[in-house]
Amino acid sequence: EQAEGTGDTSKRESPSLYICQFDLKEKKSFFGQRKDYWDFLCQGLERCRQEHEGIHFVTSLDKLKTPVGRGRAFLRYCLVHQQLAESLQLCLLDPESLREWYYARSPFLSPRHRAEILGSLYELDCVTFHLAL
């Protein structure tokens, strides 16, 4: 199977993006800049001591100015490299961190919903994505 991205993918939202943003607590950095799911992903992978090529790739792109833009690029990178489920699963391992980042309605806080989401994302590993990075 193949899924092809045409045109400007930065304007189309993926279901993964919505799931990552749903019921996300508003957090600010030390300098008052709003934190987003990109920061959650970076922190989650860092806590697992995982050097992720997607993080390195995204942070090397000077054209990405916002956390949401970096998050979108990371999701595209993970889809192209068939790493989305594994990467997200690593971020979801720490329940304390999840409660720190998400409100109670987040599907990430429900073990059943989390398993369903990850199961669906692992099914995407057999799909070849051709997306603009």
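This is a predicted model: local features need pLDDT of at least 70, side-chain atom pairs count only at pLDDT 80 or more; totals for chains, interfaces and linings use all residues.
A residue counts as buried when its relative accessible area is under 20%. By that cut-off F40, at 1% relative accessibility, is buried.

The chain contains seven helices and four strands. Read from the N terminus, the order of its elements is β-α-β-β-α-α-α-α-α-α-β. Of the 133 residues, 39% count as buried. As for the contacts between residues at least 6 apart in sequence, 69% join residues at least 24 apart.

I turn now to the aromatic side chains. A pair of aromatic rings is described by the distance of the centres and the angle of the planes. The chain has five aromatic pairs. One of them joins F40 and Y102: the ring centres are 5.2 Å apart and the planes stand at 90 degrees, and because planes over 60 degrees apart count as edge-to-face, this pair falls in that class. What does the pair tie together? F40 belongs to helix α2, whereas Y102 sits in the loop between α6 (95-101) and α7 (111-123), so the pair links parts that are 62 residues apart in sequence. Y102, too, is buried, with a relative accessible area of 1%.

The side chain of Q43 makes a polar contact with the side chain of W101, at 3.4 Å. Setting aside neighbours within four places in sequence, Q43 is in contact with S97, E100 and W101.

Rolling a probe the size of a water molecule over the atoms shows where empty space is left. In this model there is one cavity of 30 Å³ or more, and the volume of the largest cavity is about 30 Å³. Its lining consists of C20, L41, F74, L75, L84, S87 and L88. The elements that give two or more residues to this lining are α4 (67-80) and α5 (84-91). Which element supplies the largest share of the lining? It is α5, with three residues.

Terms used:
Residues are numbered from 1 along each chain as its sequence is written. Side-chain values use heavy atoms; hydrogens and water are left out. A polar contact is a pair of N or O atoms within 3.5 Å; within protein, one must be able to donate a hydrogen and the other to accept it, and residues adjacent in sequence count only if both atoms are side-chain atoms. Contact means heavy atoms within 4.5 Å. On a 1 Å grid over the protein atoms alone, a cavity is a set of points where a 1.4 Å probe fits but cannot get out, and a pocket is an open set with protein on both sides within 12 Å along at least five of seven lines; lining residues have an atom within 4 Å of a point. Grid points are joined across faces, edges and corners, and a volume is the space filled by probe spheres set on the points. Rings of Phe, Tyr and Trp (its six-membered ring) pair if their centres lie within 6.5 Å; planes under 30 degrees apart count as stacked, over 60 as edge-to-face and the rest as tilted. Buried means under 20% relative accessible area, exposed over 50%, partly exposed in between (1.4 Å probe, protein chains only).
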